[in-house]
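Student: Can we go through a structure together? I'd like to keep it quick.
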Amino acid sequence: MDLNIATKNSSKPGLTRVLYALKSTLTTIAEPPASPATQAQKVTIAADHVFASGQGWRTAFMNDDRTNLAFEGQGDRFSKTGKLTLNLMIPGDAKEVAAMIKDDPEFIILVQKNPCQAGAYYQLGTKCKGATIEGGATWNSGLADGSEVMGWEVPISCNQDTLYYYEGEVTLPD
């Protein structure tokens, strides 16, 4: 396997957009093919997720300077898994964000890779296990001088075996 595959565009850091859906709004959650023909197909979700009527991806308003995604492998040779964590910074003090944290729903989340690769997404959550808000969500009122931003720091995580790449259709709600 040739691992000399990084390109300047694919290694540019940063996230540009976070889309989320309550797992309960999806009627079908797509997965990688059962018999992948290539290594890349093992982690690629090319089929579309299907939503209930009137539903679709919602955009999370975020501070892109303070939002990041990380994957950490866990376990040993015979019980490998991983933890994918999205540290989402949501500016402001909207009551809806506080209510969402209180409700503790399961999500499927798409994170757009970077400005150079529009339409390319990482996916948190799977058919078997959705992403959830960790107990460490915090809110800060911010400072008048602007050195601290008012808003929510929301850690969202999911235990899944790898980092998945979503290439299906992105449907926004009606």
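Tutor: We'll take one threonine, then the cysteines, then the aromatic rings. This is a predicted model: local features need pLDDT of at least 70, side-chain atom pairs count only at pLDDT 80 or more, and totals for chains, interfaces and linings use all residues. Residues are numbered from 1 along each chain as its sequence is written, and side-chain values use heavy atoms, with hydrogens and water left out.
Student: Where does Thr67 lie?
Tutor: In the loop between strand E5 (58-60) and strand E6 (68-74). Strands are DSSP runs of E, at least two residues, numbered from the N terminus.
Student: Is Thr67 buried or exposed?
Tutor: Buried, because its relative accessible area is 7%. Buried means under 20%, exposed over 50%, partly exposed in between (1.4 Å probe, protein chains only).
Student: What does the side chain of Thr67 reach?
Tutor: The backbone nitrogen of Met89, at 3.2 Å.
Student: And which residues is Thr67 in contact with, leaving aside neighbours within four places in sequence?
Tutor: Leu15, Met62, Leu86, Asn87, Leu88 and Met89. Contact means heavy atoms within 4.5 Å.
Student: Is Cys128 buried or exposed?
Tutor: Exposed, at 71% relative accessibility. Cys158 is buried, at 2%.
Student: Last one. How many aromatic pairs?
Tutor: Four. Rings of Phe, Tyr and Trp (its six-membered ring) pair if their centres lie within 6.5 Å. Phe51, Trp57 and Tyr166 form one aromatic cluster.

Methods: Helices (H or I, at least four residues) and strands (E, at least two) are DSSP runs, numbered from the N terminus. A polar contact is a pair of N or O atoms within 3.5 Å; within protein, one must be able to donate a hydrogen and the other to accept it, and residues adjacent in sequence count only if both atoms are side-chain atoms. Rings of Phe, Tyr and Trp (its six-membered ring) pair if their centres lie within 6.5 Å; planes under 30 degrees apart count as stacked, over 60 as edge-to-face and the rest as tilted.
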